[in-house]
Amino acid sequence: MDLEKFFQNQNKKKQVKILTCGSVDDGKSTLLGRLLYDSQNVFVDQMDQAKIESEKYGTQGKDIDLALLIDGLQAEREQGITIDVAYRFFETSKCKFIVADTPGHEQYTRNMATGASNSDVAIILIDAQKGVLEQTKRHSFIVNLLGIQHVVVAINKMDLVNYDEHIFNIIIAEYKELIKNFNFISTKYIPLSALKGDNVFSNFENTKWYSGPSLIETLENIQIEEEGMNDAFSMPVQWVNRSSSDFRGYAGTITSGKISKGDVITTSSLNSQTSIKSIYGPNGELDEAFINQAVTLTLQDELDISRGDIILRQDNNKIIKVDQFAAHLVWMDQDAMLPERNYIFRFNNSFINGQITDLVHSININSYEEIATKKLNLNDIAYCKIALNKMHSIAPYKDNHQLGSFVIIDPYNNKTIGAGMIDHALRRSTNISWHEMSINKETRSKLNVQQPCVIWFTGLSGSGKSTIANILEQKLHTMNKRTYLLDGDNVRHGLNKDLGFTDTDRVENIRRVAEVSKLMLDAGLITLVSFISPFRSERKMARDLLEEGEFFEVFVSTPLEECEKRDPKGLYKKARSGELKNFTGIDSTYEIPENADLVLDTKTNNAEELADQIINFLESKKII
Amino acid sequence: MNLTHLEKLETESIHIIREVASEFENPVMLYSIGKDSAVMLHLALKAFAPSKLPFKLLHVDTTWKFREMITFRDEIAKEYNLDLLVHINEEGVKNNIGPITHGSKLHTDVMKTQALKQALDKYKFDAAFGGARRDEEKSRAKERVFSFRDQQHHWDPKNQRPELWNLYNTKIAKGENVRVFPLSNWTEIDVWQYIYQEKINIVPLYFAKERTVIKRDDLLLMVDDKRLDVKEHEKIENRMVRFRTLGCYPLTGAIESTATTVEEIIIELLESKNSEREGRAIDKDQIGSMEKKKQEGYF
């Protein structure tokens with residue numbers, strides 16, 4: 001065996017990343033098992049194990065169930081389904097394939113979007129017996145949404161329809177109609193039997209009427225363009241390399257175009273320019289580097305550049321710096337997305353807090369209809385407007401997948417809860433900038449001779465929040481402290497009178513109050529906020545708006561039964577009778593604080609004593 | 001200008017390694033001394049050149065590794081001026097836990113899984129690189145690149161974070177950690193080709209040599225020291241053998257081979273009919289055993 005030749009050939013092999021889309025019954029695992037088996041990428045011991053498992057779990061009688069080469073986790077083998085995204089590897093004489101295998105059932109949207117985000121080609125499986133189904137529509141929609149440009153429609157189980165050409169043609173016609181508004185560059189159709197192996201690698205005996213290539217030949221011959229090669233250079237700074245006082249390099253992976261020694265560059269956060277002094281690739285110094293290469297750049301002049309910045313060529317007009325943009329979202333969490341809630345947006349090299357300000361519409365992925373909606377549930381897809389808390393450089397997803405994509409993280413539990421693709425920048429806010437006033441919080445508090453803070457009371461309706469807050473304010477007043485009490489009921493009569501009691505409105509209610517309390521704090525006041533504020537996320541959002549030591553969460557801990565017994569406004573009675581909807585504790589959740597600064601027990605102490613507890617607490621914190 | 005398959009893998013791995021250095025406070029690279037660790041270390045050195053690695057290396061020593069592995073480990077640490085930590089589960093040593101007396105399952109759990117958790121807790125590492133690849137085993141195929149572990153180091157296969165593009169979620173709470181797998185998308189042949197092209201040093205045990213072995217339960221075990229309880233009926237013989245994977249010597253089967261260079265290993269591999277985990281006793285305990293170990297905190 002000539003190893004040099006072997007390596008030359010290996011290095012010529014294209015890397016092709018494939019997404020397979022199909023449901024439990026479409027024979028997807030069987031097709032993958034077939035691809036691995038026929039391309040001789042299965043070892044004897046793996047085959048032996050599949051034999052053992054076939055006897056235990058197999059669905060093919062005495063034959064080896066090729067799907068068992070694929071199904072990974074024990075739980076799902078026993079159920080006979082795949083439950084997550086799994087990656088498979090096989091190669092042919094021309095290509096190295098990396099396959100993202102995703103299930104077609106319940107969690108399809110979340111899992112498919114995940115697999116699609118890193119794929120060049122999608123194989124869409126259609127059961128020849130069933131034709132184009134609702135699931136075919138949603139699979140195709142997600143593939144298009146995630147920007148995959150090459151689709152191979154594998155019309156499977158042809159053996160069960162007697163390899164009927166007519167059926168094959170009907171399915172093609174239906175599918176063409178389905179995708180007429182999509183942006184696929186190539187769409188290929190192949191009649192298959194994964195189970196029997198027809199047309200996967202070869203064996204066209206049963207479909208003599210079909211003159212096209214096999215599935216594997218089709219996959220090998222797809223021309224995948226390196227997008228962004230001809231765009232102006234950009235590279236997000238991932239890590240700053242300071243190996244010694246005279247070496248300062250900027251490490252990152254190039255996201256568009258190419259760069260040569262001597263090229264003039266700027267950055268997303270500076271107005272100044274400099275030029276490239278040297279370029280280091282994985283194997284040492286280079287004269288030039290291209291998109292997708294991981295490099296370290298050194299510059300002629302020392303500029304203030306850090307992670308989060310993007311080094312780019314001055315004439316790069318596809319990358320725009322904004323704090324608002326429109327995007328498509330895929331929601332991936334059990335907890336619904338609520339507009340105005342605070343989330344972390346993870347971009348290429350930065351994590352920025354922000355909110356989804358407008359939910360323009362969601363999209364029914366079975367009918368492609370646009371629907372007006374107030375919140376997003378797991379697996380929903382929507383078009384939204386997003387506002388970030390600071391300026392950030394972005395590009396539309398269609399121009400640059402790296403700079404046009406983001407994931408959403410829940411700041412409360414750090415879960416990945418959504419993903420997005422930027423459609424376009426919204427420039428409306430660029431004319432409003434923050435004015436630095438000469439009189440500020442510090443100068444005002446000096447004049448007031450007090451340390452301003454926000455004391456945030458949270459608890460069920462009737463727990464005693466307002467009573468305690470009222471007594472506390474009187475006590476502070478007699479101590480000559482300047483205060484203001486924001487009360488839930490009172491604010492709802494004015495500022496928030498347009499809001500109701502749905503989860504979405506409750507989030508907005510608290511957001512406004514948090515912003516107002518921040519202004520009050522800025523004015524130098526000790527601000528008392530008495531709101532049910534049922535959700536942890538919004539209480540955290542309020543806390544995050546302020547500096548460390550300015551926000552104190554006081555949990556007025558009164559059990560539901562006790563509040564209901566007191567029922568000072570008769571609201572629980574109404575809620576129980578169904579007269580009042582979305583009442584906290586009854587048919588709307590109250591999330592108990594896990595890290596309150598102070599917990600007040602109204603069963604052991606009266607309101608007066610509890611107000612004194614707060615005074616003691618404020619003294620210990622040197623607020624008063 | 002298209003990158004080759006290996007160049008793409010190299011770039012992806014470097015990106016992942018740099019991301020960890022940027023986002024975590026106290027990362028560590030698990031160094032198991034095997035070929036995958038050698039490749040991972042090589043990529044890390046490239047990612048940060050000309051700087052030193054911005055994190056330490058950790059070897060969890062079960063005290064049953066081949067002697068040649070330990071020698072090689074110390075040489076590499078010296079050659080590249082690495083900050084290498086070695087952790088041994090002293091509790092296990094005190095109780096004389098070993099693969100021969102206690103079986104592979106208990107030994108691996110105490111000396112490897114528990115030892116790893118001890119070390120992560122002791123040094124408060126918030127991210128740990130591992131050299132595992134998705135093509136190694138079916139339960140690995142579903143593993144994320146950034147794999148979240150709770151405070152007890154448990155892996156929950158049903159509750160993994162979705163991972164899109166290369167936008168890894170690096171956010172964790174105090175006491176939690178992630179395992180990071182920069183070689184996720186490499187296959188065994190990719191690893192060997194890279195070792196060949198980059199001339200990466202690997203433990204001599206991978207190369208065929210006359211070694212003293214016995215045959216036990218279909219595995220060819222090397223008599224690495226006196227602790228191997230050679231039974232009367234077992235014949236000690238010298239055979240030309242090498243290892244496809246490395247672990248604890250009484251649990252790792254050798255294969256008969258004449259491959260004495262990386263080139264010959266690759267040729268042998270291309271002609272081989274068995275997968276690399278074949279020689280590992282611990283994977284065979286029962287179907288789905290790797291998945292169970294991972295849930296408990298094994299790498």
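Four strands of chain B form an open sheet in the order β8-β7-β9-β10, with antiparallel pairing (two strands pair if DSSP finds at least two bridges between them). Strands here are DSSP runs of E of at least two residues, and helices are runs of H or I of at least four residues, both numbered from the N terminus. This is a predicted model, in which local features need pLDDT of at least 70 and side-chain atom pairs count only at pLDDT 80 or more, while totals for chains, interfaces and linings use all residues. Residues are numbered from 1 along each chain as its sequence is written, and chains are lettered from A and ligands numbered from 1 in the order in which they are written.

**The sheet in chain B**

- Strands β8 (219–222) and β10 (255–256) of chain B are the edge strands, and each pairs on one side only.
- Strand β7 (residues 209–216) of chain B runs antiparallel to strand β9 (residues 237–242) of chain B, and five bridges join them.
- B:V213 has B:E237 in β9(B) as its bridge partner.
- Strands of a sheet pair through backbone hydrogen bonds, either parallel or antiparallel.

**Chain B as a whole**

- Chain B holds eight helices and ten strands.
- Its radius of gyration is 19 Å, close to the 19 Å that the globule rule gives for 299 residues, so chain B is as compact as a globular protein of that length.
- The radius is taken over C-alpha atoms, and the globule rule is 2.2 Å times the number of residues to the power 0.38.
- A box of roughly 55 × 50 × 40 Å, taken along the principal axes, is filled by the C-alpha atoms of chain B.
- Of its 299 residues, 53% count as buried.
- A residue is buried if 20 or more other C-beta atoms lie within 10 Å of its own, exposed if 12 or fewer, and partly exposed in between, with C-beta atoms placed from the backbone.
- Among the contacts in chain B with a separation of 6 or more, 76% are between residues 24 or more positions apart.
- Two residues are in contact if their C-beta atoms, placed from the backbone, lie within 7 Å.

**Domains of chain B**

- The domain assignment gives domain 1 (5–191 + 288–296) and domain 2 (203–284) of chain B; such bounds come from an automatic or database domain assignment.
- The C-alpha centres of domain 1 and domain 2 of chain B lie 24 Å apart.
- Domain 1 of chain B gives 21 residues to the contact, and domain 2 of chain B gives 20 residues.
- On the side of domain 1 that touches domain 2, α3 (67–79), α5 (99–123), α6 (188–198) and α8 (289–296) of chain B each supply at least two residues.
- The residues of that side of domain 1 of chain B divide into nine nonpolar, five polar and seven charged.
- Ala, Val, Leu, Ile, Met, Phe, Trp, Tyr, Cys and Pro count as nonpolar, Asp, Glu, Lys and Arg as charged, and the others, Gly among them, as polar.

- Chain A has 16 helices and 28 strands.
- The C-alpha trace of chain A spans about 95 × 70 × 45 Å along its principal axes.
- Of the 624 residues of chain A, 45% count as buried.
- The contact between the chains takes 54 residues from chain A and 51 residues from chain B.
- On the side of chain A that touches chain B, the residues divide into 24 nonpolar, 19 polar and eleven charged.

**Backbone details**

- Most residues other than glycine have a negative phi, and most peptide bonds are trans.
- A cis peptide bond joins B:A49 and B:P50, with omega about 5°.
- B:P50 sits in the loop between α2 (35–48) and β2 (56–60) of chain B.
- B:N96 is not a glycine, but has a positive phi near 55°.
- The place of B:N96 is the loop between α4 (90–94) and α5 of chain B.
- B:N96 counts as exposed because it has 8 C-beta neighbours inside 10 Å.
- A:K622 is also not a glycine and has a positive phi of about 60°.
- A:K622 lies in the segment after α16 (607–620) of chain A.

**Confidence**

- The predictor gives the complex an ipTM of 0.90 and a pTM of 0.82.
- Chain B averages a pLDDT of 89, and 91% of its residues score at least 70; pLDDT is the predictor's confidence in each residue, from 0 to 100.
- Confidence in chain B is lowest in α8(B), at a mean of 60, and highest in strand β1 (residues 27–30) of chain B, at 98.
- Over residues 282–287 of chain B the pLDDT is below 50, and this stretch has nine contacts in the model beyond near neighbours in sequence.
- Where pLDDT is low, the predicted coordinates should not be read in detail.
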